[in-house]
Structures are given as C-alpha cells and as structure tokens.
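Me: I am new to this structure and would like to learn how to read it, one feature after another. Could we begin with the general idea of a core and then turn to the case at hand?

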Amino acid sequence: MNTSKKIKYKLLKIIMIILSVIVIFLLFQFFKPTWSPKIKAEKSISELRKVEINGTELEVMIRGDHKENPIVIFVHGGPCCSEIPYVRKYQNLLEQNFTIVHYDQRGSGKSYDFGTDYSDVYANTHVEDLIELTKYIEEYLGQEKVILIGHSYGTYIATMAASQEPELYQAYVGIGQVSYMIESELDGLNKCINAAKIAGDMEDVKQLESFRNDIEQGNAIVPRQYVRKYEFAARNIDENEDYIKGFLFGTEYNWSDAIRFFVATSKYQDELIMETIKYQITDIVESIDIPVYFVMGKYDCMTSPEVAEKYLTNLGGERTKEMVIFEDSAHYPQFEEKEKFYEWMCNTFLE
C-alpha cells in the first residue's frame with residue numbers, strides 16, 4: 001500500500017471512529033437513565049418514577065429534606081408544559097421545609113407515550129387524575145392533607161379539584177390564576193399595545209390590534225411572542241433557556257423525553273387552551289371551602305392579576321381568601337422571586 005492510500009485509510013478510520021462516538025453519544029442522550037439527585041439529609045426523599053393513576057402511568061417527582069414536612073403538590077401549566085426538567089433550581093429553599101411533588105399530566109412530557117391518542121383527554125380527566133394522585137401521595141407519605149398549588153393552566157385543573165374534594169387539601173394556591181379568560185386576554189392585549197406604543201413599535205401595535213376581534217369572540221388568545229417580547233411573561237428568568245438547559249444537561253429528562261414534551265404540546269396544547277375559554281372556570285367553580293390564595297405577578301399578561309382578583313372577590317366560601325401580588329414578577333412569581341415566595345409559603349403554612 002503506497003503512502004497516499006495509507007493516509008486516506010487512516011483518515012477514513014479516524015472519521016469512522018468520530019462518527020461512531022457521535023452516534024453512541026446521541027443514543028446515550030436519547031435513552032440515558034433519568035433520576036432526581038439525592039438530597040443529603042437523614043430523612044430526605046428524592047424520587048422520580050412512574051405512578052399508576054386511573055389506568056395510566058404518570059411521571060412523579062418527589063423531593064424534600066424531611067419526609068414528614070408538609071406536602072405541596074404542584075400542578076403544571078402550559079398546557080402540556082411540565083416543569084420537572086428545570087424546577088429544582090427554583091425550589092431548593094422550599095425543599096428545606098416542604099415535601100414538593102411535581103407530576104407530568106396525562107399525555108404530557110414523560111407521561112406521554114408514543115403511539116397513544118390523547119385527543120379525548122380534557123380538563124375533567126386531568127382533575128380526576130389529580131384527585132387520585134393526591135390520595136396516593138397522602139397514603140404514600142402518611143399525611144391526611146396536602147397544600148395544592150396550580151400554575152397557569154394548572155390552576156384550571158387545581159381549582160376544580162379543590163372545589164370537588166376540599167377534604168383532601170389544606171389550602172389552594174393559584175399562581176397565575178386562570179379566571180374570566182376573555183376579559184383576562186383583553187386586559188393582556190391592551191397592556192401589550194400600551195407597551196408597544198411606549199417602545200415606538202407601531203407595527204406591533206397594528207398587529208396586536210388585528211387580534212382584538214378574535215379575542216373578543218373567544219376564538220384566540222394574545223400571541224405569546226408579544227407577551228414575552230414586552231416582559232409580561234417573565235422579567236427575572238428566561239423560562240425557554242431553562243427548558244433548553246434542562247433538556248440538554250438535566251438529570252430528570254433525556255432527549256427522548258424532550259421529544260415527548262414537544263410532540264405533546266404541538267398536538268394537544270391549543271385545544272386544551274380553547275377549552276378554558278369555552279368553559280370558563282368562573283362558571284364551573286363558584287365556591288371553594290378551604291383557604292384560597294391567588295399569587296400573581298404584577299406584570300403578568302398571561303393571566304391578568306386584576307381580573308383574577310375580581311374572580312377571587314366573587315368566589316364563595318367561608319374560609320380565607322387572599323390576593324398576593326409580587327411586585328417584581330410577571331407570570332412566574334414562584335421562580336422570579338423565589339426567596340420571597342419561600343418566605344410567603346413559610347409564613348402562611350408553617351406558623
């Protein structure tokens with residue numbers, strides 16, 4: 001073999017080795033085991049696993065410094081947008097005093113099975129799953145009641161669960177609470193238009209105004225790219241960056257799970273959002289017989305704080321009803337001001 005052929009052979013061999021390493025790396029990323037890192041405390045809990053609920057398997061993450069601390073169940077929003085991929089960095093303080101439970105809703109994230117049709121899964125199914133999951137968690141951790149927290153679309157589900165089965169819950173906290181949807185979206189639209197005018201972006205003003213009729217008719221919501229552009233989704237965090245880092249480097253999701261996440265949102269998110277407009281939570285739940293707290297960011301235009309407060313004022317029930325405004329947050333006060341949220345949780349539920 002002459003020198004030229006030897007060099008070509010060596011180059012080809014190197015290229016094949018590099019390609020093989022890349023393929024192995026990609027396969028590992030797609031199928032690597034997932035887990036939730038251990039908490040270094042004597043009676044801590046850190047689990048990430050499937051739990052069978054109502055004939056389906058839901059992915060559940062449970063974390064806390066002490067198993068006997070009060071339990072908090074978080075109901076994620078989106079719809080279909082699990083917070084498991086990135087939420088640990090925002091709940092490290094809460095884990096000191098509470099046992100935190102997150103789960104991927106049926107047909108979302110790690111609870112989405114390729115080849116399964118979830119087109120018949122609506123809010124009522126999610127409510128039934130949440131109630132059964134609550135019973136499971138209470139039995140598993142040996143406690144009679146939990147604190148129920150919904151975020152964004154998750155409030156639509158959690159509000160119904162709290163109303164239907166109040167005996168399961170110590171209190172209900174709605175973060176970014178869904179309320180009168182059309183009125184809320186119009187409020188967000190007007191705030192985005194005002195922000196665009198201040199910024200001198202008249203093209204955005206024109207585009208936003210073009211959506212008004214569809215929003216008034218209950219056929220659309222404010223396009224979220226405008227809400228994000230004018231910092232009415234998040235002011236102190238970048239939730240999209242958090243997702244990307246969680247998918248790429250986190251331990252709770254592998255790349256196959258990330259694909260599940262995106263497939264579920266593309267297939268089912270829009271219809272679930274429209275359900276919240278067609279069937280208003282304000283008509284479905286008119287009273288809750290446990291303490292209710294709405295925690296809202298001042299700058300939230302995904303769910304209007306002013307419209308949510310109107311709902312809270314009209315909400316029946318003989319227990320505490322409290323509106324809590326976080327002055328430097330938009331739609332994610334529990335993340336954007338995590339220290340303040342931690343203090344509020346401790347002051348509200350531990351004293």
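Reply: A nonpolar core is a set of buried Ala, Val, Leu, Ile, Met, Phe, Trp, Tyr and Cys residues joined through side-chain atoms within 4.5 Å. In this model, which is predicted, the largest such core has 53 residues, and those with the most contacts inside it are Ile73, Leu130, Leu148, Tyr169 and Tyr172.

Me: Which residues is leucine 130 in contact with, leaving aside its neighbours within four places in sequence?

Reply: Leucine 130 is in contact with Ile73, Val75, Tyr103, Leu148, Ile157, Ala158, Ala161 and Tyr169, once those sequence neighbours are set aside.

Me: How should I read the protein chain as a whole, and what radius of gyration does the chain have?

Reply: One compares the radius of gyration with the value for a compact globule, which for 351 residues would be near 20 Å; the protein chain has 23 Å, which agrees. The C-alpha trace spans about 90 × 60 × 40 Å along its principal axes, and the chain is built with 15 helices and eight strands. Of the contacts with a separation of 6 or more, 76% are accounted for by residues 24 or more positions apart. Buried residues make up 54% of the 351 residues, while the chain exposes about 16,500 Å², of which carbon and sulfur atoms supply 52%.

Me: Where does glutamate 275 lie, and which side chain of opposite charge is nearest to this residue?

Reply: Glutamate 275 lies in helix H11, which covers residues 255-278. A salt bridge calls for a side-chain nitrogen of Lys or Arg within 4 Å of a carboxyl oxygen of Asp or Glu. Glutamate 275 is buried yet has no salt bridge, and the nearest side chain of opposite charge, lysine 278, is 9.0 Å away. Not counting residues up to four places away in sequence, glutamate 275 touches Tyr122, Ala123, Tyr153 and Tyr156.

Me: Does glutamate 337 count as buried or exposed, and why?

Reply: Buried means under 20% relative accessible area, and glutamate 337 counts as buried because its relative accessibility is 13%. Glutamate 337 is found in the loop between helix H14 (333-336) and helix H15 (338-349). With neighbours within four places in sequence left aside, glutamate 337 is in contact with Phe326, Glu327, Asp328 and Ser329. The C-alpha atoms of glutamate 337 and tyrosine 90 are separated by 9.3 Å, although these residues are 247 residues apart along the chain.

Technical notes: Residues numbered from 1 in each chain as written. Predicted model: local features only at pLDDT ≥ 70, side-chain atom pairs only at ≥ 80, totals over all residues. Heavy atoms only, no water. Buried < 20%, exposed > 50% of the residue type's maximum accessible area, 1.4 Å probe, protein only. Contact = heavy atoms within 4.5 Å. Helix = DSSP H or I, 4+ residues; strand = E, 2+ residues; numbered from the N terminus. Lys, Arg positive; Asp, Glu negative; His and termini not counted. Rg over C-alpha atoms; globule rule 2.2 N^0.38 Å. Areas by Shrake-Rupley, 256 points an atom, 1.4 Å probe, with all protein chains shown as cover.
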